[in-house]
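Welcome to this guided tour. Keep your viewer open and follow along, one selection at a time.

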Amino acid sequence: MRTDFSAEQLADPDIAASEKVLRTCTHCGFCTATCPTYVLLGDELDSPRGRIYLIKDMLAGSGQVPAETVKHVDRCLSCLACMTTCPSGVNYMHLVDHARRWIEEHYRRPWGERALRMFLGAVLSRPWLFRLALRGAALAKPFSSFLPRQLIPMIELAPSSVPPPVPINRPSIFAAAGERRMRAALLPVCVQKVLAPEINEATIRLLTRHGCEVVVVPGSGCCGSLAHHLGQETAALAFARANIDAWERERLGGGLDAIVINASGCGTTVKDYGFMLREDAAYAEKAARIAALAKDVTEVIGTLGLSPPRSSANVQSRVAYHSACSMQHGQRLHSGPKALLEAAGFEPVDVPEGHLCCGSAGTYNLLQPEIASALRDRKLANIAATRPDVVATGNIGCITQLASRCEVPVVHTVELLDWATGGPAPKALAGLAGSPARDHRDQ
Ligand code: SF4
Ligand code: SF4
């Protein structure tokens with residue numbers, strides 16, 4: 001794509017980086033076929049190619065940001081299906097991240113939108129505040145029709161009860177069972193530790209059982225991805241720097257072979273810390289080192305090798321494997337999680353249209369509820385077509401989005417792997433534990 005930024009504009013390192021991305025796009029349009037918003041809405045401006053043009057004009061302009069551009073960039077899920085499809089290697093992720101920052105800095109949103117985005121940025125990254133907000137949402141459920149329209153998706157998605165805090169999420173060291181083969185820091189994913197602490201519990205059991213010492217490092221916390229996707233870059237970079245400081249201290253102290261992440265949305269962001277902090281002389285090198293250590297939990301178990309399943313009678317379930325966009329497009333992890341499920345004795349099946357987002361996408365289901373619900377319903381219909389006993393995925397956002405309407409339990413992949421190798425049955429499968437695959441598949 002031709003660009004004509006001035007020398008003055010190109011002196012801004014962010015513009016220079018985006019210009020490189022823009023120039024790799026050949027306008028071929030292959031990406032439109034796999035873009036969820038284009039598939040749903042059929043508008044070129046809601047396709048990757050359309051958005052790339054809008055972003056180019058916005059960045060090259062005088063600083064005025066057209067409302068129309070904001071509308072179409074906001075509708076982008078950052079699912080990155082377009083990056084998987086693009087034959088020219090366009091790094092749409094870095095381009096749209098820059099566009100979101102630019103909008104945040106140069107465009108004044110209506111006050112209701114501003115307030116909602118500030119609220120989400122502040123609350124979701126602070127577990128104590130998030131817990132409080134969930135309690136408030138549960139109380140507000142019966143009165144949701146009297147509340148501002150913007151709050152309704154949040155109240156509908158909030159669970160009716162919140163699990164109590166568990167000690168496992170506090171800074172601690174969990175020793176490897178038997179010979180120590182690896183030492184890893186676990187990112188204490190902020191939303192997940194409030195909504196589903198059982199996922200971290202299963203992760204720690206699974207890792208320690210496989211010879212990995214796990215550390216929840218003091219000072220580590222929110223990865224910054226929610227703020228990053230809201231364009232709130234100062235906050236996102238502050239979270240990133242705090243994690244880098246904490247993990248670097250631990251790496252130089254007790255040593256770290258990996259940073260394990262069990263929410264693929266967060267994993268995509270931590271793996272990008274090197275790029276996010278490339279212009280920060282004090283952090284660039286450390287950020288690149290930390291990013292290189294970041295691994296999804298299934299990558300780590302793949303490296304350690306899954307122990308033979310211990311309770312095969314319990315795990316003959318047909319598992320619809322929903323590959324989160326951040327897993328398959330963001331981190332390019334495709335076959336690993338499914339291979340582990342198979343090795344554990346499950347029958348993993350692919351979901352039709354598996355490349356399309358479920359509509360969760362960070363805060364997207366709260367900010368764009370109509371599109372998010374349409375994508376969720378489409379995903380659920382595709383899941384139902386596989387006639388599964390259970391759905392497995394590696395991202396808390398997808399679990400929350402799908403479980404709210406899914407006819408079968410939705411669990412994290414590690415909960416199934418933990419169960420198969422000696423852990424307890426996942427909480428969501430309590431009724432199915434010990435039972436063989438359901439009969440309905442044979443009908
Ligand atoms: S597929 Fe890649 S090169 Fe083609 S229009 Fe889309 S982003 Fe541009
Ligand atoms: S990130 Fe997803 S929604 Fe956004 S343009 Fe790419 S494919 Fe479309």
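Let us begin with the rings: there is 1 aromatic pair in the structure. To see it, select F346 and W419, whose rings lie 6.1 Å apart, centre to centre, with 45 degrees between their planes, a tilted arrangement. Rings of Phe, Tyr and Trp (its six-membered ring) pair if their centres lie within 6.5 Å; planes under 30 degrees apart count as stacked, over 60 as edge-to-face, and the rest as tilted.

Now colour by secondary structure. F346 is in the loop between α20 (335-343) and β7 (347-350), while W419 belongs to helix α24 (residues 413-420), so the pair links distant parts of the chain, 73 residues apart. Helices (H or I, at least four residues) and strands (E, at least two) are DSSP runs, numbered from the N terminus. F346 is buried at 4% relative accessible area, and W419 is buried at 4% too. Buried means under 20% relative accessible area, exposed over 50% and partly exposed in between (1.4 Å probe, protein chains only).

A word on what you are viewing: this is a predicted model, where local features need pLDDT of at least 70 and side-chain atom pairs count only at pLDDT 80 or more, while totals for chains, interfaces and linings use all residues. Residues are numbered from 1 along each chain as its sequence is written, chains are lettered from A and ligands numbered from 1 in the order written, and side-chain values use heavy atoms, without hydrogens and water.

Next, select R278 and F275: the charged end of R278 sits over the ring of F275, 3.9 Å from its centre. Do likewise with R241, whose charged end sits over the ring of Y283, 5.7 Å from the centre. The test is that NZ of Lys or CZ of Arg is within 6 Å of the ring centre and within 35 degrees of the ring normal.

Last stop: S220, in the loop between β3 (212-216) and α13 (225-229). S220 is buried, at 14% relative accessible area. A polar atom of its side chain lies 2.7 Å from the backbone oxygen of V217.

Methods. A polar contact is a pair of N or O atoms within 3.5 Å; within protein, one must be able to donate a hydrogen and the other to accept it, and residues adjacent in sequence count only if both atoms are side-chain atoms.
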